[in-house]
Amino acid sequence: MKKRQIGFILSLAMAGISCQSISTTNYTSTQVEVKAQKRTVTENCRNFLIEAGDNTYKVSLFPRTYNTLAGPEYSLLLVSPVLFEDEVLYNSGSASIIPWFNSRGVSVWLVRIPPQTPLEKFGRVVLPEINVAIRKNSKDQNWVLGGISLGGQAIAHYLNDAPKHELTTQMRVHSAFFLGTGFDYEYPGSFGRIYAKENMAPAEFQKRFAPGIRVEHIAARGNLFAGGKPVWSDALNGVNLKDKGVRVFFLAGKVDDVAPSESIYKFYVKTAGSEVKNIPGVLFKQPGRMNRHAINFDHGALIASPELTADVLPEIFNWLDF
Amino acid sequence: MQLHGEKHQLTTSDDWKLTIEHFPSLLDASKKKKHPVLVCHALGADRNYYKANEENSFVRSLQRAGYDVWLMDLRGRMDAGETGVLFGHHTYSYDMDAYIREDLESAITFVLQKTGAKQLNYVGHSLGGMIMHARLGTLKEGRVANFVAVAAPMSFVSLSHQIFTLYRARGLLRFIPVVPIHGGAVFASILPAAFYHPFTRAFVNPDNIDDAIKKQLMRASLTNISKKEMRQFIMLAELGGMFSADGSVSYRENLKNISVPVYLIAGRSDELADPATIRDVYERVGSRDKTLETFSRSAGFSTDYGHIDLIAGKVAHKEVHPRIIDWLDKRN
């Protein structure tokens, strides 16, 4: 018993040492967040501030909590879901994405997109700089990028220049998945048009689009507009992920009205280059009862829900197996 | 079904019998609408589901709004006489092109003759809408004034697990003379829903239709599907769009030739006509006057609508029918 306690203390000490030894080239500060009284996923989380361009960006590392010799050999990089507070990814009050991956041996880096930041600029200009810093401080060779909700647009813009970014960041992106990311809203009744037009309070947004998410996790509407313009853009015409050397998995919740199939399917077809052939490495799926899932997934259920961790994340995890 | 109109039988130029049931406007003549409405049903079904929910049925909604309603059956439906499985005057030997060229031609001509109108409104659900998409785009039909297409795709998104299971069984078509939907549905209607639930869910949101209505439709409104029809649907998935039976004409490509006002309706939880496919139609149709609407909870409707409940759902008479009538009224 004593040996195990000593081992545990040593491992904590090692974690502290590794934190201290992180290169500070691009970091203005490092911080270890420990909540002694209440055990949460954030107790092992390390927060960094990274300078990129004219701004400083907050990045968090959620280390893997389960190690296995035959486990996954990649790290996962997520960006903010934008429509929701970042906390929804690790402390949603229900089943959350980040601890789910951590417990399966995957370290997760969460890059936080500041409010009112155009996603195209963030993905094309800022994220490459942030990834240089992240890559310098991770031993993992292979990376997976995860686009959650609207934040996935930033990932898509980044991947548009994936080969170029791989050279500069030394980050080999093997695969990417998009969970509830809409790529264009240029059609009647689209969420983008509704949200841009209606001054929707978080409670109203929650009621209509994401009933399973806590109201306090819904981002303020003002965060999604910069200079009066939405932070999102028409990624369907502005982004091309075909033949970029990255496997891509698109997931459109069957009853998701924020990122419905009509805002994703065309982008999937553009990426695959075909509507009718199965193209290796490009996948489209609609989480819902039609695919033997427990529920028809709305947007909130795709962001954080017990059904997400029971039905959808295992499918993504299996697909990522490489 | 308690609603009954005046039944008419007509004969197509290739000698098939069709049934049309007439339901006149319930308003006085001064409030009668400009054009009559011809209504056509989906694949593997006949006109009866338009009469489901009786006083809250789609037919009654149109009648009460002042429309002269004509419900049509495509060929092979039982009211026009039994179609032989192996032998008989007619067998299940037709394809969707026959609907497009012959049945619609006869039905439109008949209604215009009977009413004296020069044009009509057309409402088609699923297959009923698809064949009108094809006729308008390819045959340049000029007698349709306004077109409401309810859950009528011209392509598929990726197949659901259940539909893919059926798709994988397509080889069985070689060994059967017809897809026996009618007998299967009648038999299933006496079984507990658990036996067929996963498959019916592809056609209807189970939370949005009364069980009694569902059973009634299974007994009285589902019909056999010819092998050629089914093959054309399989082509739809394999070739990426609706084609003529010989594969030479892409009806989807020809959507650009459509110029009449079009109202395209989708149900958010529809597993057959996914809203992504209805958006595809919306973008391809050449009409300047075109409307796209998805019936979903977030849009303020009671639920996310499925395929059949857009017509026969619990409160379709309060949510869907009024939207269709409102759209028609503005053009009549």
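A: Two strands are said to pair if DSSP finds at least two bridges between them. Strands (E, at least two residues) and helices (H or I, at least four) are DSSP runs, numbered from the N terminus. This is a predicted model, in which local features need pLDDT of at least 70, side-chain atom pairs count only at pLDDT 80 or more, and totals for chains, interfaces and linings use all residues. Residues are numbered from 1 along each chain as its sequence is written, chains are lettered from A in the order in which they are written, and side-chain values use heavy atoms, without hydrogens and water.

In chain B, strand S3 (residues 37–40) and strand S5 (residues 120–125) pair in the parallel sense over 4 bridges. Within S5(B), Val123(B) is the bridge partner of Val39(B). Both strands belong to an open, mixed sheet of 8 strands in chain B, ordered S1-S2-S4-S3-S5-S6-S7-S8. Its edge strands, S1 (6–11) and S8 (290–295) of chain B, each pair on one side only. On average, neighbouring strands are turned by 20 degrees against each other, direction ignored; axes here are lines fitted to C-alpha atoms, for helices over the stretch in contact, and angles run from 0 to 180 degrees between N-to-C directions.

Helix H3 (residues 127–138) of chain B packs on this sheet, touching S3, S5, S6 (144–150) and S7 (262–267) of chain B, where contact means heavy atoms within 4.5 Å. The direction of H3(B) makes about 130 degrees with that of S5(B).
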